[in-house]
Structure formats: C-alpha cells, structure tokens
Amino acid sequence: MESALAYFEENGWPASTTIPSVLVKRRLVERHRLPDDADIRVTRLRVTDGLAPEVEVFLFPRRSPGYTDDVGAQERVHGFENHVGLFMDRPDERALTRLADRLETSGRMVYEGSAHNPHENTTMLYFAPSAAVAMSRRRFPRWELQCAGDLTACADRRRVRTEAVCSAYAALKANHVDGGLIRSAPARRPVPVAAREG
C-alpha cells in the first residue's frame, strides 16, 4: 500500500484517502475464494489538471489475508474490474432507474449488483456488457453508476440476471486482453514491489 501511494506521489498524481472497498471486495472474494478479512482498498487519482475524470484504483496489499500474485494477474488479463464510472451527485430514484433501464436496453448491458459504501456514503450500481458485447475488444466494457447517499432501496428493486452475468464474465475471460495495447503515454518506472516479510 505504502509503495503504491509513494509511486502515485512521485508521478504527480494526488491520491484521495484510501477507504475500504465494498462491492469490488465482495466480487473478488467470490471470484478468487478469498477470506472475508481480505483487505481491498480504493483510492482515486487526479492524473491531469482541470475537470478531467479521476482514475479509481483498487489496492490489494501483499500483506493482506488471501493475497497471491495470481489474483492480480487474473484480474488484469481479463479486465474484470476495468470500468467507466459516472457520478450522480444529486440523484433521485426516478432518474437513476431510467438511466439503469437505458443501460440494460439500448446499452446492451447486464445489471450485476450494487452496494452502499458507508465509508464515503455512496451507492454503486455495476453493469457488465452482455456476452455479445463482451466479445468486442473494448478496454472498459463495464459501467458503474455511483450516487451520493444511500440508494440501496432503489438498487435492491433491480433484478440481477445471474445467468446473463455469468455469460458476460465468461465472454470477458474468453476475449482477454493479451497485453498488446498501444501505449501512447511516456514510459514510467515500474510500480515498486514491497519485500515480503518472513
């Protein structure tokens, strides 16, 4: 954790205070059979000046229960947690429902669940691409609607189509990114790896 935050600072990317993740942690625990006390955290970086979007980064410290190098490798190669997030600072249930409906119909996405994060009082709704969409090579095929406040009641009224979500993830896994992405940014030094204790 300290190495990652130091790396962000060295590159001039101010990071917000790290907070415990809720929904992503839940999915990582299920996907990789991690223990419930796995320490999955989230921070946001400002990588450019002005009104540019922030970059959300999930951190899984090596000292955390359940950590293995394979977890990060699997997440990266399949792009499971790559997503575009939209923040609604003054959401109401009607507007949120209409936007979520649009993502599931003309957006060809599949609602995959929600969570309220009490550490920042936000509610997240996540959408995976349908299996057909997941087979096209888009870097950020998943979407997140993040809302200020606790909209759990509204989110809980939306049905998770489990079979469609499983098909979406199978398609994402089958159409994995092989590392051949074009890199236009200047090369930076690798993220430092903290030495294992013991």
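Buried means under 20% relative accessible area, exposed means over 50%, and partly exposed covers the range in between (1.4 Å probe, protein chains only). This is a predicted model, in which local features need pLDDT of at least 70 and side-chain atom pairs count only at pLDDT 80 or more, while totals for chains, interfaces and linings use all residues. Residues are numbered from 1 along each chain as its sequence is written, and side-chain values use heavy atoms, with hydrogens and water left out. Helices (H or I, at least four residues) and strands (E, at least two) are DSSP runs, numbered from the N terminus.

Next come the neighbours of β6. Two strands pair if DSSP finds at least two bridges between them. In general, strands of a sheet pair through backbone hydrogen bonds, in either a parallel or an antiparallel sense. Strand β5 (residues 109-117) runs antiparallel to β6 and is joined to it by eight bridges. The hairpin of β5 and β6 has four residues between the strands, and there Asn-121 takes a positive phi near 55°. Strand β7 (residues 142-148) also pairs with β6 in the antiparallel sense, over six bridges. Leu-125 can be followed across these pairings: it is the bridge partner of Ser-114, and it stands opposite Leu-145 in β7.

Another sheet is made of three strands; it is open, has the order β1-β2-β3, and its pairing is antiparallel. Its edge strands are β1 (19-20) and β3 (55-59), each of which pairs on one side only. Two bridges join β1 to β2 (residues 41-45), and Ile-19 stands opposite Val-42 in β2. The loop between β2 and β3 contains Asp-49, which is exposed, with a relative accessible area of 78%. Asp-49 and Trp-13 are 36 residues apart in sequence, and their C-alpha atoms are 9.9 Å apart in space.

Rings of Phe, Tyr and Trp (its six-membered ring) pair if their centres lie within 6.5 Å; planes under 30 degrees apart count as stacked, over 60 as edge-to-face and the rest as tilted. A search of the whole structure finds six aromatic pairs. One of them is Phe-60 with Tyr-67, an edge-to-face pair at 5.2 Å centre to centre with 70° between the planes. Phe-60 and Tyr-67 are both buried.

A salt bridge is a side-chain nitrogen of Lys or Arg within 4 Å of a carboxyl oxygen of Asp or Glu, and the whole structure holds 16 of them. Arg-46 and Glu-54 form one, with the closest N and O atoms 4.0 Å apart. Arg-46 counts as partly exposed at 35% relative accessibility, and Glu-54 does at 43%. Glu-81 and Arg-142 form another, with the closest N and O atoms 3.6 Å apart. Glu-81 lies in the loop between α3 (69-78) and β4, and Arg-142 in strand β7, so the pair ties together parts that are 61 residues apart in sequence. Both Glu-81 and Arg-142 are buried.

In a further salt bridge, the closest N and O atoms of Asp-101 and Arg-158 are 2.7 Å apart. Asp-101 lies in helix α4 (residues 93-104) and Arg-158 in the loop between α6 (152-156) and α7 (162-174), so this pair ties together parts that are 57 residues apart in sequence. Asp-101 is partly exposed at 36% relative accessibility, whereas Arg-158 is buried at 16%. Salt bridges that share partners join Arg-27, Arg-31, Glu-75, Glu-81, Glu-112 and Arg-142 into one network.
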